[in-house]
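The sequence and structure follow.

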Amino acid sequence: MEKAVASKSMTARKLRDRFPAVKSLIRSWQLYVLLALPLLYLVVFRYVPMYGAQIAFKKFVITKGIWESEWVGLQHFIRFLNHPKFQEVLGNTIVLSLYQLAATFPLPIMLALGLNYVGSKWYKKTVQMVTYAPHFISVVVMSGIIIQFLSPSTGAVNNLLRLVGIEPINFLAKAEWFSSIYVWSDVWQNMGFACIIYLAALASIDPGLHEAAVVDGASKLRRLWHIDLPGILPIAIIILILNMGNILDLGFEKALLLQNNLNLRSSEIIDTYVYKIGLTSAVQNFDYAAAIGLFKNAIAMILLVSVNQAARRYGQSSLW
């Protein structure tokens, strides 16, 4: 019995010596157990569904199934590119995405930098709570709040306009207002939550750098520019790269809830178009909707790789 146990221990020792990865696995097995569940989630809900993406290249018939459906190649992609609504849908998506990126990326950084220099802990915590709390409001409730606030008859915004002698404006009935309503409501809802990671990055900066700068007579603005911004720049670059990868992935819920026939000219984006084509139309074109979604993801992948390569070329942090 003792010889068998000794033999097993010798075998394990030889494996650890020959394969460093096995040694690491044995030493940190608890961490790999923790990793197993999220890895299983990714496999089941992210990678396995990729099997169904092939319907984008087929004339999908439910009774035949995915494998038996006729292969049509790039027919659905060509149909989308030649569709009269292609330029409008793609243009609205790009404009809204770039507008949202331009507003939601720098503002959390500015908020974090401002809070970092606030002396009063009570005031700092109050501002954090006020800006952080809206993140937990659901998209449906947020859309309802926006509709109520902007109502031309009873909305708080139009009531204020009446007080200063301005005629009420039906904001959601005007296509030119949709992008601003969508983006700035998103800024209000998520800016406080987004700045948390920047506050964590600022907290990790060596206090000795600030002490040395104060001794040298540097002002707060100089310390912010030469210490704080370089300190959070790697995190900011990583977040920018991730945002570029999701630049066309606006989600259809909020846009669909705020959408109506009067603002459809600027509110129809790829996600809402796919939702309508794939699920709510009289003839459910699952294959056509899948092709549009795959087209959007291909563009996002190109943007993600391009921005990551640009970050590497200029010596900044990158995903790989």
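Which residues in α17 meet which residues in α18?

## Contact of α17 with α18

The model is predicted. From α17, the residues in this contact are Ile 270, Asp 271, Tyr 273, Val 274, Ile 277, Gly 278 and Leu 279; in α18 they meet Phe 286, Tyr 288, Ala 289, Ile 292, Gly 293 and Lys 296. Sorted by class, the contact of α17 with α18 has nine nonpolar, two polar and two charged residues.

## Geometry of the pair

Two packed helices are described by the angle between their axes and the distance between the axes. Helix α17 spans residues 270–280 and helix α18 spans residues 286–313; their axes come within 8 Å and cross at roughly 160°. Because angles over 145 degrees count as roughly antiparallel, α17 is roughly antiparallel to α18. The crossing in which α17 passes α18 is left-handed.

## Largest nonpolar core

The largest nonpolar core has 24 residues. Those that touch the most other members are Phe 105, Ile 109, Ala 112, Leu 113, Tyr 198, Leu 202 and Ile 232. At least two residues of this core come from each of α7 (106–116), α12 (196–203) and α14 (220–245). The most are given by α14, with six residues.

What is Leu 113 in contact with, leaving aside its neighbours within four places in sequence? Its contacts are Leu 202, Leu 224, Asp 228, Leu 229 and Ile 232.

## Another core

Terms used
Residues are numbered from 1 along each chain as its sequence is written. This is a predicted model: local features need pLDDT of at least 70, side-chain atom pairs count only at pLDDT 80 or more; totals for chains, interfaces and linings use all residues. Side-chain values use heavy atoms; hydrogens and water are left out. Axes are lines fitted to C-alpha atoms, for helices over the stretch in contact, and angles run from 0 to 180 degrees between N-to-C directions. Helices (H or I, at least four residues) and strands (E, at least two) are DSSP runs, numbered from the N terminus. Angles under 35 degrees count as roughly parallel, over 145 as roughly antiparallel, 65 to 115 as roughly perpendicular and the rest as oblique. A crossing is left-handed if the near helix is turned anticlockwise from the far one by less than a right angle, and right-handed if clockwise. Contact means heavy atoms within 4.5 Å. Ala, Val, Leu, Ile, Met, Phe, Trp, Tyr, Cys and Pro count as nonpolar, Asp, Glu, Lys and Arg as charged, and the others, Gly among them, as polar. A nonpolar core is a set of buried Ala, Val, Leu, Ile, Met, Phe, Trp, Tyr and Cys residues joined through side-chain atoms within 4.5 Å. Buried means under 20% relative accessible area, exposed over 50%, partly exposed in between (1.4 Å probe, protein chains only).
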